[in-house]
Amino acid sequence: MSFTRQFNALRSENKVTDVLLWSVFALGVLKATTLVLSLASLIADLFVLPGVSFKKYGAYKGKYGVVTGASDGIGKEYARQLAKRGFNLVLISRTLSKLEALKEELVGKYKIEVSVLALDIADDSESNYKAIQETCEGLPVTILVNNVGQSHSIPVPFLETEEKELRDIITINTTATLRITQVVAPLIVKTARESHCRGLILSMGSFGGLLPTPLLATYSGSKAFLQGWSAALAGELKSQNVDVELVLSYLVTSAMSKIRRTSMMIPNPAQFVAATLKNVGRRCGAQERYATITPYWSHALYHFVIENTVGVYSKLANGINYSFHKSIRVRALKKAERQAKKQ
Ligand SMILES: NC(=O)c1ccc[n+]([C@@H]2O[C@H](COP(=O)([O-])OP(=O)(O)OC[C@H]3O[C@@H](n4cnc5c(N)ncnc54)[C@H](OP(=O)(O)O)[C@@H]3O)[C@@H](O)[C@H]2O)c1
């Protein structure tokens, strides 16, 4: 090969290497910039920006919020903190006495209108949806909180999950949530249009749905379903001035989680709901997800780290999650054994 040809071959080889190196560099810069920007946005959401004003949803203007699973835990706090923002309420759960007690508290404290509806959402019966329709008919509803949810009583292999538990989880977390939304959302659209305000639909998701969660497979699948459905609905209702958000939560102290003591990673319902309502419309820890919020600060950082390291669908995340829930199952079975011996 002549010297000139050798020289040209080397030059074109170098060009290819240069292009490759520059592409890798540009990709790295793009990735790093995206990461830094989304971290900055997360920090601004969590620690810098002021709380979102609920005036746009008709606060103190006689508007209504509907809360499912309102008599305990997170739902009870949604009711309290919406009442504090001047919303009248329709409260739904199974236990009338608990609903009446909450009604008395909120009417006394905030001078608002409260209707209560005691029904078993797991029934998935037409009479349930009719009762919700009749209670809400004619009310200027601007907010729906799809809070009601059921998980497994303890972590359990899918193949050993009892049929009733499986059916109740799917019915409450998915079918009934969708049907209730079909009843209430048209009222929200109508109120938003007629009162020139915005509407809001919040649905409670979970880290159990964010990450595929072995030993909570049915619950995990049902909450993952809500992620897809809620984001799709957000796209549909955007043009009708209704904000739709999936709210992601790691553990919160409640009857469902069976955790009583708060910690850095586990807020109580009041702290969790305060963070949610302060940040409605922002992503917080769910930077990469449209119409989704991970509002509590430690959950948000945890979500961000998982998403930007191992990823939610990785084998590693799945394995860690499996070990975590296996140890909870072992402890729960031992506790049940001790209790059985006492009787
Ligand atoms: N706590 C957590 O760690 C956590 C974490 C992530 C996501 N979440 C989600 O947050 C939501 C609320 O959970 P939570 O911990 O606050 O639960 P909770 O303390 O057990 O409260 C559940 C509420 O729903 C009502 N309810 C339960 N089953 C019902 C049914 N079949 N029909 C009508 N009402 C029913 C309960 O009242 P009655 O018993 O009177 O019916 C109660 O008011 C759920 O969607 C859950 O998946 C919770």
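Okay, let's start with charge: the protein has 42 positive and 27 negative charges, and their mean positions sit 7 Å apart. Lys and Arg count as positive here and Asp and Glu as negative, with His and the chain ends not counted; each charge is placed at NZ of Lys, CZ of Arg, CG of Asp or CD of Glu.

Quick housekeeping. This is a predicted model, where local features need pLDDT of at least 70 and side-chain atom pairs count only at pLDDT 80 or more, while totals for chains, interfaces and linings use all residues. Residues are numbered from 1 along each chain as its sequence is written, and side-chain values use heavy atoms, leaving out hydrogens and water.

Now the overall picture. We've got 10 helices and seven strands, which are DSSP runs numbered from the N terminus (helices H or I, at least four residues; strands E, at least two). The C-alpha atoms fill a box of roughly 95 × 60 × 35 Å along the principal axes. Of the 343 residues, 47% count as buried, meaning under 20% relative accessible area with a 1.4 Å probe, protein chains only.

On to S206. The unreviewed UniProt entry annotates S206 as "binding site", though such annotations may be inferred rather than shown by experiment. Where is S206 found? In the loop between strand 5 (199-204) and helix 6 (207-210). And is S206 buried or exposed? Buried, because its relative accessible area is 9%. Leaving aside neighbours within four places in sequence, S206 is in contact (heavy atoms within 4.5 Å) with Y219, K223, V247, L248 and S249.

Definitions and conventions
Buried < 20%, exposed > 50% of the residue type's maximum accessible area, 1.4 Å probe, protein only.
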